[in-house]
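The entries below follow the order in which I looked them up.

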Amino acid sequence: MAKYILSLDQGTTSSRAVLFDHEQNITGIEQKEFTQIYPREGWVEHEPLEIYSTQYTVMIDLILKTKINIKDIAAIGITNQRETTILWDKNTGEPVYNAIVWQCRRTSAIVDALVKDGLSDYIKQTTGLIPDAYFSGTKIKWILDNVDGVRERAQKGEILFGTVDTWLIWKLTGGKAHVTDYTNASRTMIFDIHKLDWDDRLLSALNIPRAILPEVKPSGAIFGTANIDGAEIPIAGNAGDQQSALFGQCCFEKGDVKCTYGTGCFLLINTGKDAAVSANGLLTTISAGFGKEVQYALEGSVFTGGAVIQWLRDEMRLITDSADSEYYASRVKDTGGVYLVPAFTGLGAPYWDMYARGCIVGITRGTKRAHIIRAAQESIAYQVMDLLQAMENDLGVRIRELKVDGGASRDRFLMQFQADVCRAVIILPAVRETTALGAACLAGITVGFWKNQAEVKELWRKQGEFEARMDVEKRNELIGGWHRAVERSRRWTS
């Protein structure tokens with residue numbers, strides 16, 4: 001009997017491979033960062049072949065270092081950065097352009113044109129999304145319009161489109177499978193989340209040939225087979241990173257909430273079979289699952305979460321290691337009145353301002369490095385708080401518990417501050433790699449490695465929690481300052 005599930009977690013800044021045993025213990029993990037490309041202000045790209053090579057390398061390194069028998073791997077689960085868009089030649093496998101990353105704002109004018117044409121309500125009703133450069137549809141159009149000869153080749157059936165999961169599966173299966181899952185499709189802005197099919201009206205509006213689009217399957221399904229050193233291993237789970245984390249946190253019931261702290265921050269609440277429509281800037285999306293009967297979620301997206309700490313490290317050189325941010329934030333009793341709004345690529349929910357830009361306000365002669373670092377830390381929690389409040393307003397409920405995961409959830413200062421500003425209990429799982437775990441669970445259930453979701457939930461374990469301890473008056477004062485700072489950043493480049 002097979003002993004492991006292999007999870008491939010392709011993120012915005014790094015590729016990971018994680019090996020889980022039947023008890024959901026991590027047997028091994030490998031990670032490799034890859035190049036971030038910024039051709040112009042507001043543009044973000046990745047090299048598709050580097051995405052695949054780093055993902056394949058960490059997978060092989062993991063197998064070699066753990067010294068497992070490849071035949072002991074029951075299945076592969078894939079989870080990925082969503083919305084990032086790749087087009088490639090169907091015959092040669094060569095990308096026609098760099099991957100346009102979800103953070104990229106180059107297609108803002110295309111979005112404005114869709115809004116001007118009166119498509120905003122239709123997009124929201126059909127796709128659950130708000131017109132924004134964040135999603136894949138306008139990125140596809142940009143490549144078709146701006147790379148010589150690609151539109152003509154696409155019309156001849158020579159070009160394929162995929163989000164990162166599709167690209168990885170196509171490569172791992174030797175070009176045999178051109179597929180995606182409902183969760184990734186639901187983030188393209190061209191997929192009808194109710195009919196579970198690509199939408200012809202939106203394809204026409206963006207002039208995208210249907211022939212380039214992948215087949216769409218449930219998240220728990222057989223997507224193809226990967227040949228690894230002669231062993232045929234089924235790819236049996238596939239979900240966008242945030243839906244995968246929702247599944248990995250065992251948020252199977254209506255009302256279950258999680259937040260992932262990665263490059264961005266993503267708050268999702270399971271709404272069951274109800275595709276709830278937000279009046280507060282949240283998105284309706286499909287959550288990971290099995291079969292044609294899908295569940296939905298409301299989602300709020302923070303574009304710049306943990307990335308603000310990378311910015312402190314790499315561009316501002318205020319810290320030498322991301323972990324240093326917790327130390328410096330704890331060295332001062334507050335930010336000294338400083339607020340940092342990390343709207344580097346605009347603001348996501350609940351503001352949806354493509355033209356917002358980052359700002360630091362409240363600086364005085366007494367402002368120190370530690371104040372700015374602490375303000376950066378606090379900005380992550382404030383943004384998540386805005387999402388939680390929007391979610392509460394939409395659903396008319398008070399959210400008292402929030403499961404968290406992702407790299408920044410290891411930061412005790414941040415998690416305590418998050419509990420304080422949200423007035424919620426922050427729950428940390430024993431397995432922090434919940435994005436990878438979600439994909440593993442989807443694959444494992446599909447092939448019978450685990451019986452069902454109930455067995456998976458029995459294995460889930462809590463590591464600890466943080467409870468609110470800030471007084472209400474102080475909390476309200478801080479939040480008021482944050483919202484004033486956000487207003488300073490809005491519509492900056494419009």
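**Helix packing**

I began with α9 and α14, which pack at an angle of about 75 degrees, with their axes 7 Å apart. That makes α9 roughly perpendicular to α14, a label given to angles of 65 to 115 degrees. Axes are lines fitted to C-alpha atoms, for helices over the stretch in contact, and angles run from 0 to 180 degrees between N-to-C directions. Helices (H or I, at least four residues) and strands (E, at least two) are DSSP runs, numbered from the N terminus.

I noted that this is a predicted model, in which local features need pLDDT of at least 70 and side-chain atom pairs count only at pLDDT 80 or more, while totals for chains, interfaces and linings use all residues. Residues are numbered from 1 along each chain as its sequence is written, and side-chain values use heavy atoms, with hydrogens and water left out.

Which residues of α9 meet α14? I found D241, S244, A245, F247 and G248 in α9 in contact (heavy atoms within 4.5 Å) with residues of α14 that include T434, L437, C441 and I445.

**The six-stranded sheet**

I then traced an open sheet of six strands in the order β3-β2-β1-β5-β14-β13, with mixed pairing. Two strands pair if DSSP finds at least two bridges between them. The edge strands are β3 and β13, each of which pairs on one side only. Neighbouring strands of this sheet are turned by 25 degrees against each other on average, direction ignored.

G224 has I235 of β14 as its bridge partner. Two residues lie between the strands of this hairpin, where D229 takes a positive phi near 55 degrees.

Which helices lie across these strands? I recorded α1 (residues 48–66), which runs at about 30 degrees to β2, and α6 (residues 164–172), which runs at about 145 degrees to β5.

**The seven-stranded sheet**

Seven strands form an open sheet in the order β17-β18-β16-β15-β21-β22-β23, and its pairing is mixed. β17 (283–287) and β23 (462–466) each have a single partner strand, so one side of each is left without a neighbour in the sheet. β17 pairs with β18 (residues 295–302) in the antiparallel sense over five bridges, and T284 stands opposite L298 in β18. I saw that α12 packs on the sheet, touching β15, β16, β18 and β21, and that its direction makes about 20 degrees with that of β16.

**Pockets**

A pocket, on a 1 Å grid over the protein atoms alone, is an open set of points where a 1.4 Å probe fits, with protein on both sides within 12 Å along at least five of seven lines; lining residues have an atom within 4 Å of a point. A volume is the space filled by probe spheres set on the points, which are joined across faces, edges and corners.

The largest pocket has a volume of about 1,100 Å³. Of its 44 lining residues, the closest to its centre are R16, Y261, G262, G407 and A408. By class, this lining has 10 nonpolar, 20 polar and 14 charged residues.

Note on methods:
Ala, Val, Leu, Ile, Met, Phe, Trp, Tyr, Cys and Pro count as nonpolar, Asp, Glu, Lys and Arg as charged, and the others, Gly among them, as polar. Angles under 35 degrees count as roughly parallel, over 145 as roughly antiparallel, 65 to 115 as roughly perpendicular and the rest as oblique.
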